[in-house]
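Please look over the sequence and the model shown here before reading on.

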Amino acid sequence: MTEGLTGPFLMVVEDVFRHASRGVRGVRVTGQVERGRVRAGDEVEVVGFGGGAATVPVLAVEAGGLRAAEAGAGAGAGAGAGAGTNAGVVLPEAVAGALERGQVLAEPGTVGAHRHFFADLDVLAADQGGVELRDGEPLAVYLRAATVTGTMALLKGTEVLRPLHQGSVAVALEHPVPVERGQRFAVRHAGRAVGSGTVTGLSR
């Protein structure tokens, strides 16, 4: 996964609001700019869940609650938001029904939504909440701002993952979400945090 200030634009969708200000009507998406930059007039994709990777124009950009020239890497002081900071992007009203927390806005064609991925999973110590995890265990998977129900299949002949152990797993999610190689995620089992992992491969 591309990290840092450069690279194709990616912003996590955390909240969605109706927007009407300075003659611009639409839907305002707020969240963390993970990398890259975006300006009014750019095209972005809505990726994840039912977003269908729709490509839409950016009507306006906000930083610190104020209209800005851009959001993302390289924005000057007072003109935008740096990577890893919160920003707002105003999109057309027509996409309001397709937006929800856990999606991402991304440079078109750079991020895919997936229901299946491979990962290395680390189980917490027992005194931190770690438990034995077996093949087919139901999990709550946390990927960026998305929380998705999934199941885990153990790989390489492993029958059980015990506390403080690491193993290779295949994860199947209930809904497609934006996932990239190298991305970190967390898992909960039976309502408790049990471990975290790193995505090592993707599958549709």
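## A loop residue: Q183

Q183 sits in the loop that runs between β17 (166–178) and β18 (184–189). The model is a predicted one, and what follows describes that prediction.

Is Q183 buried or exposed? Its relative accessible area is 3%, and the limit for a buried residue is under 20%, so Q183 counts as buried. The side chain of Q183 has two polar neighbours to note. One is R144, whose side chain makes a polar contact with the side chain of Q183 at 3.2 Å. The other is E180, where the backbone nitrogen lies 3.0 Å from a polar atom of the Q183 side chain.

## R181 in the loop

R181 is also placed in the loop between β17 and β18. R181 has a relative accessibility of 48%; exposed would require over 50% and buried under 20%, so R181 counts as partly exposed.

The protein has 19 strands and zero helices. Six of the strands close into a barrel, in the order β12-β17-β15-β14-β18-β19, with antiparallel pairing. From one strand to the next, the twist averages 40°.

Two of the pairings involve β19. Strand β12 (residues 113–123) is joined to strand β19 (residues 192–203) by eight bridges, and the two run antiparallel. Within this pairing, F117 has L202 in β19 as its bridge partner. Strand β18 is joined to β19 by six bridges, again in an antiparallel arrangement. Here A186 stands opposite S196 in β19, and V187 stands opposite G195 in β19.

How many residues lie between β18 and β19 in the hairpin that they form? There are two residues between them, and A190 in the turn has a positive phi of about 55°.

## An aromatic pair

A pair of aromatic rings is described by how far apart the centres are and by the angle of the planes. The count for this model comes to one aromatic pair. F117 and F185 form that pair, with 5.3 Å centre to centre and 75° between the planes. Planes over 60 degrees apart count as edge-to-face, and the F117 and F185 pair is edge-to-face.

The pair links distant parts of the chain: F117 belongs to strand β12 and F185 to strand β18, and the two are 68 residues apart. Both F117 and F185 are buried.

## The protein as a whole

The protein has 204 residues, and buried residues make up 45% of them. Among the contacts with a separation of 6 or more, 68% are between residues 24 or more positions apart.

How much accessible surface does the protein have? The accessible surface comes to about 9,300 Å², and carbon and sulfur atoms account for 49% of that surface.

Methods. Residues numbered from 1 in each chain as written. Predicted model: local features only at pLDDT ≥ 70, side-chain atom pairs only at ≥ 80, totals over all residues. Heavy atoms only, no water. Helix = DSSP H or I, 4+ residues; strand = E, 2+ residues; numbered from the N terminus. Buried < 20%, exposed > 50% of the residue type's maximum accessible area, 1.4 Å probe, protein only. Contact = heavy atoms within 4.5 Å. Areas by Shrake-Rupley, 256 points an atom, 1.4 Å probe, with all protein chains shown as cover. Polar contact = N/O pair within 3.5 Å; in protein donor to acceptor, adjacent residues only side chain to side chain. Pairing = 2+ DSSP bridges. Axes fitted to C-alpha atoms, helices over the stretch in contact; angles between N-to-C directions. Phe/Tyr/Trp six-rings, centres within 6.5 Å; stacked < 30°, edge-to-face > 60°.
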